[in-house]
Amino acid sequence: MSSKPFRFKKFTVKQDRCAMKIGTDGVLLGAWAPIDHKPYSILDIGTGTGLIALMLAQRSEADQIDAIELEPEAFEQALENFENSPWVDRLYCYHTSLQEFAGEIEDSYDLIVSNPPYFLPNPQADGKRSLARHHRHLSHEELITCSVKLLSKTGCCAFILPVQEEAQFLKFAEQSGLFPQKITRVRGHAESLVKRSLIELKFGEQDCITDELILEIERNTYTPSFRDLVKDFYLKL
């Protein structure tokens with residue numbers, strides 16, 4: 001995976017110090033996360049390079065955009081990317097775990113987003129990239145529990161997950177009082193299997209909108225729906 005800076009239309013993301021590089025999952029969540037409710041405060045859990053927080057700074061008028069990151073090198077990288085962005089006065093990164101943050105912070109957030117670790121714990125996993133990719137330091141139950149504590153009563157959460165983890169994740173959420181508002185299932189192309197689920201959660205049971213997003217017509221040719229979603233970010237669109 002490339003360590004070169006990734007240039008978007010309005011900001012650049014350096015990634016040489018971060019184990020998890022810029023990927024489609026982060027771009028999808030940053031572009032898809034709901035802002036129709038005009039959030040005043042946003043929290044990005046496990047920010048990595050800071051990509052999703054930066055995308056939401058561009059898309060929204062939120063006055064407070066906080067991010068948390070446990071891995072030291074990624075934390076420093078996110079700080080650097082925030083400081084070099086046009087929205088430095090609205091972005092702040094905390095070097096801490098979500099569990100510690102939720103136990104200490106008294107603020108609530110109108111939008112919480114996360115591209116969480118998506119592999120089950122692996123006893124042999126080691127290194128920074130494994131830390132970022134595995135549940136070992138943040139289970140889905142802990143992610144939901146902390147999100148419930150930090151979310152404002154009228155706010156919403158947005159997550160991206162492997163589709164095979166969707167059902168169990170929604171079960172945890174509903175047990176904690178968070179219910180799906182919208183689910184978008186993502187395919188690479190029309191004939192491929194669904195790989196990812198974009199999930200919006202809110203307090204209180206409600207009707208859930210479900211749809212699909214197909215990314216490519218063929219290799220390197222984006223569908224109109226994906227182009228429309230990311231056109232404000234990718235340089236070539």
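Biologist: Which residues of helix α6 are buried?

Modeller: In this predicted model, helix α6 spans residues 140-150, and its buried residues are His140, Leu143, Ile144, Cys146, Ser147 and Leu150.

Biologist: Why would residues three or four places apart point the same way?

Modeller: An α-helix has 3.6 residues a turn, so residues at that spacing point the same way.

Biologist: What do the buried residues of α6 pack against?

Modeller: Two helices, α4 (98-104) and α7 (166-175), are among the partners. Strands are there too: β3 (41-45), β6 (109-114), β7 (151-162) and β9 (194-203).

Biologist: Take α7. How do the axes of α6 and α7 cross?

Modeller: At roughly 35 degrees, and the axes come within 9 Å. The crossing is right-handed.

Biologist: Which residues meet there?

Modeller: From α6, His140, Glu141, Leu143 and Ile144. From α7, Phe169, Phe172 and Ala173. That contact divides into five nonpolar residues, one polar and one charged.

Biologist: New topic. In the largest nonpolar core, which residues touch the most other members?

Modeller: Phe8 and Phe11, out of 41 residues in that core. Elements giving two or more residues include α1 (24-32), α3 (72-83), β5 (91-95) and α8 (224-230). The largest share is seven residues, from α2.

Biologist: And what does Phe8 touch?

Modeller: Leaving out residues up to four places away in sequence, Phe8 touches Val13, Ile22, Val27, Leu51, Phe233, Tyr234 and Leu235.

Biologist: What lies apart from that core?

Modeller: Another core, of 26 residues. Leu143 is among them, as are Leu43, Cys157 and Ile183. Leu143 is also one of the α6 residues that meet α7.

Definitions and conventions
Residues numbered from 1 in each chain as written. Predicted model: local features only at pLDDT ≥ 70, side-chain atom pairs only at ≥ 80, totals over all residues. Heavy atoms only, no water. Buried < 20%, exposed > 50% of the residue type's maximum accessible area, 1.4 Å probe, protein only. Helix = DSSP H or I, 4+ residues; strand = E, 2+ residues; numbered from the N terminus. Contact = heavy atoms within 4.5 Å. Core = buried A, V, L, I, M, F, W, Y, C linked by side-chain atoms within 4.5 Å. Axes fitted to C-alpha atoms, helices over the stretch in contact; angles between N-to-C directions. Left-handed = near helix turned anticlockwise from the far one by under 90°. Nonpolar A, V, L, I, M, F, W, Y, C, P; charged D, E, K, R; others polar.
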